[in-house]
Amino acid sequence: MAYTLAPLPYAYDALEPHIDAQTMQIHHDKHHQAYVDNLNKALAGTDAEHKSLEELMATISTQPAAVRNNGGGHYNHSLFWEVLGSNGSQPTGDLAKAIDSTFGSLDGLKEKMSTAGATRFGSGWSWLSVSGGQLQVSSTPNQDNPLMDVAEVKGTPILGIDVWEHAYYLKYQNKRPDYLKAIWNVINWDAVAARYKAAL
Ligand code: MN
C-alpha cells in the first residue's frame, strides 16, 4: 500500500527554455522521490497507513510533522507535474469565463498568483483553488496546501506553482519573479480545466 512516484508525464527537457531539464530531473527524481520515501517511512505501521492522500490532508492537524511535510510534498508535486506541459494551451470554456469574472482577465489571475508566490517568505506554493464554486488565489508555506485542515484559505487546488528555490535556482538563481513570469508559458490549461470541472 506504499506510495510510489509516477514517472514525469513528459521529457525532462519538455519545458525548455522556461524550465531547464536539469531542474526538472532533480526536482522529480530526487526531491519528489524523497517526499514519497519519507512519507512511506512516516506512515509505516501507523493507523494512517491506509488512508488516501486526500483523507490525510483533511486531517493533517492530527498527524506528525513528517506526514504533513512529506504528504503535502507528494500531493503538491503530483499536481504540479500534471498542470505543467508544453502544449501552449489557453484557458477555454467555463474555466476561462470564471477566470475573467473573478480576476478581470487571465493577466489579472497571473498577476495575483505571481504576487502570492513572490511575496511568500521562504519556501511554499502559490495556489488557484475552488471553494463553494468560486475561484480563489492563496499561498501556503512549506508543503502545505489548500486541502489541509490547517490552511488559512481552504479549497480544492486546481493549479499550484512551486516557489521553493529547488524549483528555479539553477536557471533563475535569486530571481524568483523571473521564474514566476516564465512559468506561465508552460501551464497545461487543459489539465487545469479538467481539475476545475472535477472540483465543481
Ligand atoms: Mn518542489
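**Entry 1**

I began with R195, which counts as buried because its relative accessibility is 18%; buried means under 20% relative accessible area, exposed over 50%, and partly exposed in between, with a 1.4 Å probe and protein chains only. I worked on a predicted model, in which local features need pLDDT of at least 70, side-chain atom pairs count only at pLDDT 80 or more, and totals for chains, interfaces and linings use all residues. Residues are numbered from 1 along each chain as its sequence is written, and side-chain values use heavy atoms, with hydrogens and water left out.

I found the side chain of R195 in a salt bridge with that of E82, at 3.3 Å from N to O. A salt bridge here is a side-chain nitrogen of Lys or Arg within 4 Å of a carboxyl oxygen of Asp or Glu. The pair links distant parts of the chain, with R195 in helix α8 and E82 in helix α3, 113 residues apart. Helices (H or I, at least four residues) and strands (E, at least two) are DSSP runs, numbered from the N terminus. I noted E82 as partly exposed, with a relative accessible area of 35%.

**Entry 2. The other salt bridges**

I looked up how many salt bridges the structure holds, and there are three. In one of them, the side chains of R68 and D144 meet at 2.8 Å, N to O. R68 lies in helix α3 and D144 in the loop between β2 and β3, so this pair ties together parts that are 76 residues apart in sequence. R68 counts as partly exposed at 30% relative accessibility, whereas D144 is buried, with a relative accessible area of 6%.

I also recorded K97 with D94, whose closest N and O atoms are 3.9 Å apart. Both residues lie in helix α4 (residues 93–103), three residues apart, about one turn of the helix. Both K97 and D94 are exposed. An α-helix has 3.6 residues a turn, so residues three or four places apart point the same way.

**Entry 3. The manganese site**

Which residues coordinate the manganese ion? I listed H27 (NE2), H77 (NE2), D162 (OD) and H166 (NE2), at 1.9 to 2.1 Å. Donors are N, O and S atoms within 2.8 Å of the metal (3.2 Å for Na, K and Ca); water is not among the atoms, so sites may look incomplete. The spacing of the donor residues in sequence is H-x49-H-x84-D-x3-H. H27 lies in helix α1 and H166 in the loop between β3 and α6, so this pair ties together parts that are 139 residues apart in sequence. I found H27 and H166 both buried.

**Entry 4. Helix α1**

I checked the length of helix α1 (residues 21–43): at 1.5 Å a residue, its 23 residues should span 33 Å, and the end C-alpha atoms are 32 Å apart, which agrees. The expected span is 1.5 Å times one less than the number of residues. At H27, α1 bends by about 30 degrees, the bend being the angle between axes fitted to the seven residues ending there and the seven starting there.

The buried residues of α1 include M24, H28, Y35, V36 and L39. The buried residues of this helix pack against α2 (53–58), α3 (65–83), β3 (156–162) and α6 (169–172). Just after α1, G45 takes a positive phi of about 75 degrees.

**Entry 5. The core**

I found 54 residues in the largest nonpolar core, where Y179, I183 and W189 have the most contacts. Such a core is a set of buried Ala, Val, Leu, Ile, Met, Phe, Trp, Tyr and Cys residues joined through side-chain atoms within 4.5 Å. Its largest share, six residues, comes from α3. Beyond its neighbours within four places in sequence, Y179 is in contact with I19, F80, I161, D162, A167, Y168 and Y172; contact means heavy atoms within 4.5 Å.

**Entry 6. Loops and backbone**

I placed N188 in the loop between α7 (176–182) and α8 (189–199). At 16% relative accessibility, N188 counts as buried. Leaving aside its neighbours within four places in sequence, N188 is in contact with E82, V83, L84, G85, N87 and S89.

A cis peptide bond joins E16 and P17, with omega about 0 degrees; P17 is found in the segment before α1. N142, although not a glycine, has a positive phi of about 55 degrees. I located N142 in the loop between β2 (134–141) and β3.
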